[in-house]
Amino acid sequence: MTLWWAIAALCAGCYALKLAGLAAPQRVLEHPAVRRFAELVPVALLAALIAVQLFTEEGGLRFDPARMAGLGAAVVALLLRAPFLVVLAAAAVITALVRILTG
Amino acid sequence: MEQTTHRSAAVRDGFGVGLAVGLSGLAFGAAAVTAGLSVPQACVLSLLTFTGASQFALTGAVGAGGDLVAATLGALLLGGRNTLYGLRLADLLKVRGPRRLLAAHGVIDETTAVSLAQPTSESARTGFAVTFASLYVTWNLTTLAGAYGTSFLGDPDMLGLDVVGPAAFLAILWPRLAKSTELRVLAAAGAAIALCATPFLAPGVPVLLAAAAVLVVMVR
């Protein structure tokens, strides 16, 4: 599968998922398990994505001090209630600085 | 008069959220090119997928050298929450026919948040339309700018752009984690499952496996 096919599949699939919700019969949402699943799934998936992108490389676990510092900067920015873009910028700038300092 | 006030508040909310969140398309464009996507590929994703978490998920997995099928499935699973937003919005928006086909593309985190925060169904519809339009335009323009700008850099990792995706996810999760111990446990479990599975499974699959943490929390 080439990257373009993956992109096409994702575009079609994401649109179908959105439309399915708008077009579905309302009683589906009344099921408490569906509501609860909807609330919980993104949390587990996003946390897993964060972990994999920060702590692994090429199929193995890897501890990268620069990425750790960037994560720390993002956490500090979030604790200070910084706006979304400031959080992202803080993470990138600190990661870059550590990479420059450690060569 | 009150109706007009509600509607102008919805317009203000919609523009505020649309412009602020839309700017993070810069981060997506940069992350996509860093991961190895071309500028047109990054732009097509923003134009036609138009749901940030899934876009970041696909590019993150591609950047990690992941299996494309697993990467696409993981990104689709993240897009599944838009189905549940759609279920809630259907009642408010009451759109039919061709207008429903257009409105469906705008069913995402931000439009749902703005619509559900409005006091009347009319202002909810206004909030949805304004958030969708302003976010769509901003997100796509900044994706192009971020992707094009990054394509001129020799080594984007030197600028720390590889942590922008994870930092964006953390910022999205943060308000929910701050409020609930259960969600913090779930997040920690999801992260632990993915890390433990990484040495043994194809890239992309460990993230899908993390959804199993939800079943544990739901059964408890």
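Predicted model: local features only at pLDDT ≥ 70, side-chain atom pairs only at ≥ 80, totals over all residues.
Of the 103 residues in chain A, 43% are buried. As for contacts within chain A at a separation of 6 or more, 36% are between residues 24 or more positions apart.

Chain B is built from helices, with twelve of them and zero strands. Its pattern is accordingly a plain run, α-α-α-α-α-α-α-α-α-α-α-α. Here the radius of gyration is 18 Å, close to the 17 Å that the globule rule gives for 220 residues, so chain B is as compact as a globular protein of that length. The C-alpha trace of chain B spans about 60 × 50 × 35 Å along its principal axes, and 56% of the 220 residues are buried. Among contacts in chain B between residues at least 6 apart in sequence, those joining residues at least 24 apart make up 72%.

How far does the predictor trust all this? For the complex it gives an ipTM of 0.85 and a pTM of 0.77. Chain B has an average pLDDT of 88, and 97% of its residues score at least 70. Within chain B, helix α3 (residues 39-49) has the highest confidence, at 97, while helix α11 (residues 205-209) has the lowest, at a mean of 83.

Turning to the contact between the chains, chain A puts in 60 residues and chain B 81 residues. On the chain A side, at least two residues each come from α1 (3-23), α2 (27-30), α3 (32-55), β2 (60-61), α4 (65-79) and α5 (84-102). The biggest giver on that side is α3(A), with 19 residues. Sorted by class, the side of chain A that touches chain B holds 46 nonpolar, nine polar and five charged residues.

Helix α3 of chain A turns up again in the packing around helix α10 of chain B. The buried residues of α10(B) are B:L186, B:A187, B:A189, B:G190, B:A191, B:I193 and B:A194. They pack against α3 of chain A, and also against α9 (164-179), α11 and α12 (212-219) of chain B.

For chain A, the unreviewed entry lists "transmembrane region" at residues 40-56 and 68-101. Residues 40-56 of chain A are 94% helix and 6% strand, with the end C-alpha atoms 24 Å apart. Residues 68-101 of chain A are 88% helix and 0% strand, and there the end C-alpha atoms lie 14 Å apart. For chain B, the UniProt annotation, also from an unreviewed entry, covers residues 15-36, 56-78, 128-147, 159-178 and 185-218. One of these spans, residues 15-36 of chain B, is 86% helix and 0% strand, with its end C-alpha atoms 32 Å apart. Another, residues 128-147 of chain B, is 100% helix and 0% strand, and its end C-alpha atoms lie 27 Å apart.

A:R81 has a phi near 60 degrees, a positive value in a residue other than glycine. This residue lies in the loop between α4 and α5 of chain A. With 9 other C-beta atoms within 10 Å, A:R81 is exposed. In chain B, the phi of B:K94 is near 50 degrees, again positive in a residue other than glycine. B:K94 is placed in the loop between α5 (68-93) and α6 (97-105) of chain B. Is B:K94 buried or exposed? B:K94 counts as exposed, because it has 12 C-beta neighbours inside 10 Å and the cut-off for exposed is 12 or fewer.

Technical notes
Residues numbered from 1 in each chain as written. Chains lettered and ligands numbered in written order. pLDDT = per-residue confidence, 0-100. Helix = DSSP H or I, 4+ residues; strand = E, 2+ residues; numbered from the N terminus. UniProt positions renumbered as here; feature names shortened; annotations may be inferred. Buried ≥ 20, exposed ≤ 12 C-beta atoms within 10 Å, placed from the backbone. Contact = placed C-beta atoms within 7 Å. Nonpolar A, V, L, I, M, F, W, Y, C, P; charged D, E, K, R; others polar. Rg over C-alpha atoms; globule rule 2.2 N^0.38 Å.
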